[in-house]
Amino acid sequence: MIATSRKPGGLAKVLGPFDLILMGIGAIVGTGIFVLTGTGAVTAGPALTLSFIVAAVACGFAALCYAEFASTVPVAGSIYTYSYATLGELAAWMIGWDLLLEYGLATSAVSVGWSGYFQSLISGFGIHLPVQLTAAPGALPGVTTWINLPALCIMLILTAMLSWGVRESARLNNIMVAIKIGVVLLFIAVGSRHVQPANWQPFLPYGYNGMLSAAALVFFAFIGFDAVTSAAEEVKRPERDLPIGIIGSLAACTVLYVVVSAIMTGIVPYQQFLGVDHPVSLALKYAGENWVAGFVDLGAILGMTTVILVMAYGQTRIIFAMSRDGLLPKRLSTVHPRFHTPFFATWLVGIVFGLIAAVVPLNVLTELINIGTLAAFSLVSIAVVILRKKRPDLKRAFRCPGVPVIPALAVIFCVMLMTYLSWFTWVAFVIWLAIGLVVYFGYARKHSLLN
């Protein structure tokens, strides 16, 4: 029996540091390592390893800032709550609005990727779904498609898991994380025997611009460690466990990404990853290790399943916090009397973004995710410095080292990566924020508990 503590009608405190590290790994290791490594290799060549390191450094600086906030303000809502405490309601609303888009589209995008790997796996057993049910309308040129049914189904299945209870969801996540990490380690062990160092030359075929462009792209691969902070209210000892979960998961994933990308580009000439959406298994097939490639496909499915699970979890907790502050309808912060989860909010998120995954192509879904995350990371880094000035007496179980230098470096790295994103992404992001302002002044400000 697992001991829990909760306030009447509140969220249950059931998570420890091991759960948090695996939750972070569950959110991070997925689409990035199984899909984006191919696109990144085409953009940067063998220097993809440096791209991952640059993206990891940017995330690392931000992670230290996150860890200070998460251990100081251990409540649900992640950066939204931290911004509320330091920058005021309007700034908190805008970053919360930003996160709703980031987390929601991340679950939709990964669901579409999951669908592709799932169809590839079952096709190996001679099972083929009707083509009309395999992709969003217009996703396949020259082919009539109606709906991406597998993407919708996986969203609804995981929504049911989240609505039943965080403890049960964490157990499922831990099992799947263990399997997919085993698969990644299997790839490293087998693939390392087939590396041809000549494939690493030239190391920077597109110069530093190519490497930084790939870093802005593969930054998506690190999205997820911040989802750990959204679990703050359900952690047994948040002042100790949250920093361990955030930094531990980020460090573990960085090592895996760098090693896997080095082996991939060492096996297959980087030009051959063009248009490939299963680069890890391709590398194994290229090396003649077909039996291992099948395990990698299974690992990719499990990997993306955990990403969807954790990102959907994070989004529901942000909605829960915003609703509790009066900025969203109160129904969204009601807690189920039996399951002790935000039941209505969880199903709303699952249905809405499941339908988006079913009818919107993947390339459209991924446009805004990176810029929203980079903006969020910049804001939390600024907020750390502001809170140090406003509340120097506040008890901090974990203190970000080198303030204000570390937060400043986080902002610099994030803004630098943002400049490598397309102009269309910037325009779309500004439009989404403008819609957020309209909603705030039209509804949220009038219903806010602060007012």
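**Close-up 1. The loop that holds P202.** P202 sits in the loop between helix 7 (166-191) and helix 8 (207-218); helices (H or I, at least four residues) and strands (E, at least two) are DSSP runs, numbered from the N terminus. Q201 and P202 are joined by a cis peptide bond, with omega about -5°. The structure is a predicted model, in which local features need pLDDT of at least 70 and side-chain atom pairs count only at pLDDT 80 or more, while totals for chains, interfaces and linings use all residues. Residues are numbered from 1 along each chain as its sequence is written, and side-chain values use heavy atoms, with hydrogens and water left out.

**Close-up 2. The loop that holds P404.** Between helix 14 and helix 15 (405-418) lies the loop with P404. The peptide bond that joins V403 and P404 is cis, and its omega is about 10°.

**Close-up 3. Helix 5 against helix 14.** Two packed helices are described by the angle between their axes and the distance between the axes. Helix 5 (residues 89-123) and helix 14 (residues 369-390) pack at an angle of about 140°, and their axes are 9 Å apart. Axes are lines fitted to C-alpha atoms, for helices over the stretch in contact, and angles run from 0 to 180 degrees between N-to-C directions. The crossing of helix 5 past helix 14 is left-handed, a term for a near helix turned anticlockwise from the far one by less than a right angle, with right-handed used if clockwise. Helix 5 contributes A91, I95, D98, L99, E102, L105, A106 and A109 to the contact, and helix 14 contributes I369, G372, T373, A375, A376 and L379; contact means heavy atoms within 4.5 Å. The residues of this contact divide into ten nonpolar, two polar and two charged. Here Ala, Val, Leu, Ile, Met, Phe, Trp, Tyr, Cys and Pro count as nonpolar, Asp, Glu, Lys and Arg as charged, and the others, Gly among them, as polar.

**Close-up 4. Helix 14 and its span.** Helix 14 is mostly covered, with 17 of its 22 residues buried; buried means under 20% relative accessible area, exposed over 50%, and partly exposed in between (1.4 Å probe, protein chains only). At 1.5 Å a residue, the 22 residues of helix 14 should span 32 Å, and its end C-alpha atoms are 31 Å apart, which agrees. The expected span of a helix is 1.5 Å times one less than its number of residues.

**Close-up 5. Helix 6.** The 16 residues of helix 6 (residues 149-164) should span 22 Å at 1.5 Å a residue, which agrees with the 23 Å between its end C-alpha atoms. The buried residues of helix 6 are P150, A151, L152, I154, M155, L158, T159, A160, M161, L162 and S163.

**Close-up 6. L99 in helix 5.** L99, a residue of helix 5, is buried, with a relative accessible area of 0%. Leaving aside neighbours within four places in sequence, L99 is in contact with I79, Y80, G104, I318 and A376. L99 and I319 are 220 residues apart in sequence, and their C-alpha atoms are 9.5 Å apart in space.

**Close-up 7. V183 in helix 7.** V183 belongs to helix 7 and is buried, with a relative accessible area of 9%. Its contacts, leaving aside neighbours within four places in sequence, are F295, V296 and G299. From V183 to G299 the distance is 5.7 Å, C-alpha to C-alpha, although 116 residues separate them in sequence.

**Close-up 8. L217 in helix 8.** L217 lies in helix 8 and is partly exposed, with a relative accessible area of 27%. Not counting residues up to four places away in sequence, L217 touches L36, T39, G40, T43 and N370.

**Close-up 9. The largest nonpolar core.** This core has 139 residues, and those with the most contacts inside it are F34, I79, W93, F187 and F225. Helix 11 (residues 290-324) gives the most to the core, with 17 residues. A nonpolar core is a set of buried Ala, Val, Leu, Ile, Met, Phe, Trp, Tyr and Cys residues joined through side-chain atoms within 4.5 Å.
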